Amino acid sequence: MQIYADNAATTKMSRLAIDTMLPYMDVLYGNPSSLHTPGQKAAEALFSARETIAKYLNCEPREITFTSGGSESDNQAILSAVGAGARKNKKHIISTAFEHHAVLHALKKLQKQGYEVTLLDVHENGLITPEQVKQAIRPDTALVTVMYANNEIGTVQPIAEIGKICREAGVPFHTDAVQAAGHIPIDVKAQNIDLLSLSAHKFHGPKGVGVLYARKGVPLTTLIEGGAQERGRRAGTENIPAIMAMAASFAYMCDRIDEHTEKLTALRDRLMKGLGQIPRSILNGDPTRRLPGNVNFCFEGIEGESLLLLLDAKGVYASSGSACTSGSLDPSHVLLAIGRPHEIAHGSLRLTLSDENTEEEVDYIIKSVEEVVERLRAMSPVWQDLLAGRKNYVIKQCKNYAQTLN
Ligand SMILES: *Cc1c(COP(=O)(O)O)cnc(C)c1O
């Protein structure tokens, strides 16, 4: 069996997305900035894609800017809000300790330039409270940026409540919605969102294309200078094939959110229940306020990389955290942010399902993880110390996935 369970890293492009792209590569290849007929056809297509995305986010087409993906949108959103704030001498930014590196590294750079960054503590369940945001806001706050859904532990933040607080305080609010878009409903108006990032390859669209939504009146700073594309906010000839595929994919996924949520939640809960039976395992992130397809566990006495390699040999393709941090020896900053000790954070496993996964696959994953964990523990000196009582277990032994730390 071969099971792809790493949909938070990237998703397979849908047939719809591929079929939508193709004509814009061979027959409809015009440049939307050209005045001739092929150019104008491309310009019309581009506008229809903008309308589609806007409809599903509940905003105006002119509030949509096409970018190269989530990382670019995050960077442009942050630099834009900070640039606008600096003109009013506001140099304070509020975010959380478990954002994606596209946000955290951008903030780190700003910190070096003299900005003050408050990173809110994330509770053990992987959530922050609107109250925390409210208390952190100061007269000089230029931006609040809080991710919609976490890419490692899948927890979904109270975005509408945070948006309301920011709007009342007059502080621009950005959310990295890359993991949420196409998977859970988004309404930028109702949720008082000023800036939002999304990326097509996380919802079965192509890689290298995304969206930055900016509410009318929220100015954008350009990262890329050049032509007047995207109303001067992002120069460069538009990636029409990818943009068309993204719009089609987004519409398809948004129309099926209820159906997919029902199916995925059942699979996710089955997987959580199964993995929760493994001794000394602990679920990361709130059991219900999480993405429908996200499961994330730590196993005591296990090293995440070995777990992944042995699972790969069984045809189970998973991750230990985010694709961006694998390869480094540091444990996940997300797991540290929710208070997992280093030795536990090292033994993490993230499984992220798509609507193509089945119950049989979930059962195969459970069986494979059980076998691999047992095998690795049999070889682990740390586990032998724990068994012999020379060391104390960090994870309490419980009957299901509502386990806690000692
Ligand atoms: C994948 C991801 C990104 C980066 O998106 P790219 O399109 O790969 O640049 C940003 N934020 C989150 C939460 C993500 O999951």
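Helices (H or I, at least four residues) and strands (E, at least two) are DSSP runs that are numbered from the N terminus. The structure described here is a predicted model, in which local features need pLDDT of at least 70 and side-chain atom pairs count only at pLDDT 80 or more, while totals for chains, interfaces and linings use all residues. Residues are numbered from 1 along each chain as its sequence is written, and side-chain values use heavy atoms, with hydrogens and water left out.

**Overall form**

The protein has 14 helices and 12 strands. Its radius of gyration is 22 Å, close to the 22 Å that the globule rule gives for 406 residues, so the protein is as compact as a globular protein of that length; the radius is taken over C-alpha atoms, and the rule is 2.2 Å times the number of residues to the power 0.38. Along the principal axes, the C-alpha atoms fill a box of roughly 75 × 50 × 35 Å.

Of the 406 residues, 56% count as buried, where buried means under 20% relative accessible area, exposed over 50%, and partly exposed in between (1.4 Å probe, protein chains only). Among contacts with a separation of 6 or more, 73% are between residues 24 or more positions apart, a contact being heavy atoms within 4.5 Å.

**Strand 12 and its partner**

Strand 12 covers residues 348-352, and five of its five residues are buried. Both of its faces are covered, with S348, R350 and T352 buried on one side and L349 and L351 buried on the other. Strand 10 (residues 294-299) pairs with strand 12 in the antiparallel sense over five bridges, where pairing requires that DSSP finds at least two bridges between two strands. The bridge partner of V295 in strand 12 is L351.

**Two loop residues with positive phi**

N58 lies in the loop between helix 3 (37-57) and strand 2 (64-67), whereas R280 lies in the loop between helix 9 (257-276) and strand 9 (281-283). Each has a positive phi in a residue other than glycine, and their values are set out below.

| Residue | Phi | Relative accessible area |
|---|---|---|
| N58 | near 60° | 32%, partly exposed |
| R280 | near 55° | 17%, buried |

**Charges**

The mean positions of the 43 positive and 46 negative charges of the protein are 4 Å apart. Lys and Arg count as positive and Asp and Glu as negative, while His and the chain ends are not counted; the place of a charge is taken as NZ of Lys, CZ of Arg, CG of Asp or CD of Glu.
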